[in-house]
Amino acid sequence: MQSTDPNATPQAPAGNDQAIDGELETLSRQLGEAETKLAEMRETVLRERAELDNQRKRLQRDLEQARRFANEKLLADLLPVVDNLERGLAAEGSDAAALRAGVELTLRELGRVVEGNGLKAVGVVGEVFDPERHQAMSMVDAAELGSGKVVAVMQKGYVLNDRLLRPALVSVSR
C-alpha cells in the first residue's frame with residue numbers, strides 16, 4: 001500500500017544508494033584533488049612573489065652601485081693628471097720654461113682624458129656663430145671673416161656627448 005503522507009520522503013531502491021555513495025565518493029575525491037591543486041598553486045604564487053621581490057631588491061642594489069661608481073672610469077683616467085700636477089708642484093727650482101712645458105704636458109693629458117670621456121670643446125675662431133652653442137658677448141667689425149663668424153673666444157664652451165654643458169663666450173663679426 002502506498003503512503004499518502006505529503007511529508008514522507010520517497011524511498012529510493014537499494015541500488016540507487018550505492019550509485020549516490022559512489023558519486024559522493026567521486027566528488028569527495030575530486031574536491032580533495034582540487035584542494036591539493038589549490039594549495040600547490042598558492043605555494044607557487046608565494047614563491048613567485050618572493051622571487052620577484054628578491055629580483056627587485058637586487059636591481060635596486062645594482063642601480064645604487066652603478067650610481068655610486070659611475071665616475072670610476074673618469075676618476076681613474078684623471079689620476080695621472082693629478083700625479084703630474086703634484087710632481088710639478090714638488091719640483092725644485094724656478095725654471096719658467098720647464099714649468100710651462102710641464103703645465104702644457106699636463107693640459108694635453110687632461111684634454112685626452114676628457115675627450116676620451118665624451119667632452120668636446122666648443123668655440124673656435126672662424127666657425128659660424130651657433131646660438132645653441134655660443135653666447136655672443138660682443139659684435140665687432142671683421143671683414144676678413146665675413147658676417148656671423150666667431151672672431152674671438154673669451155671662454156670655451158663644452159659639449160658632453162652632444163649635450164651642451166656650457167656655451168662658449170664669443171665675439172661675433174657683423
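**Pockets of the predicted model**

The lining of the second largest pocket is made up of five nonpolar residues, one polar and three charged (Ala, Val, Leu, Ile, Met, Phe, Trp, Tyr, Cys and Pro count as nonpolar, Asp, Glu, Lys and Arg as charged, and the others, Gly among them, as polar). This is a predicted model, in which local features need pLDDT of at least 70 and side-chain atom pairs count only at pLDDT 80 or more, while totals for chains, interfaces and linings use all residues. Residues are numbered from 1 along each chain as its sequence is written, and side-chain values use heavy atoms, with hydrogens and water left out.

A pocket here is an open set of points on a 1 Å grid over the protein atoms alone, where a 1.4 Å probe fits and protein lies on both sides within 12 Å along at least five of seven lines; lining residues have an atom within 4 Å of a point. The second largest pocket has a volume of about 210 Å³ (the space filled by probe spheres set on the points, which are joined across faces, edges and corners). Its lining includes Leu-107, Gly-111, Lys-156 and Tyr-158. Helix H3 gives the most to this lining, with four residues (helices, H or I, of at least four residues and strands, E, of at least two are DSSP runs, numbered from the N terminus).

Turning to the largest pocket, its volume is about 320 Å³. Of its 17 lining residues, Gly-88, Ala-91, Ala-98, Leu-99 and Gly-102 lie nearest the centre. Helix H2 (72–90) and helix H3 (96–116) are the elements that give two or more residues to this lining. H3 supplies the largest share, seven residues. The lining of the largest pocket comprises eight nonpolar, six polar and three charged residues.
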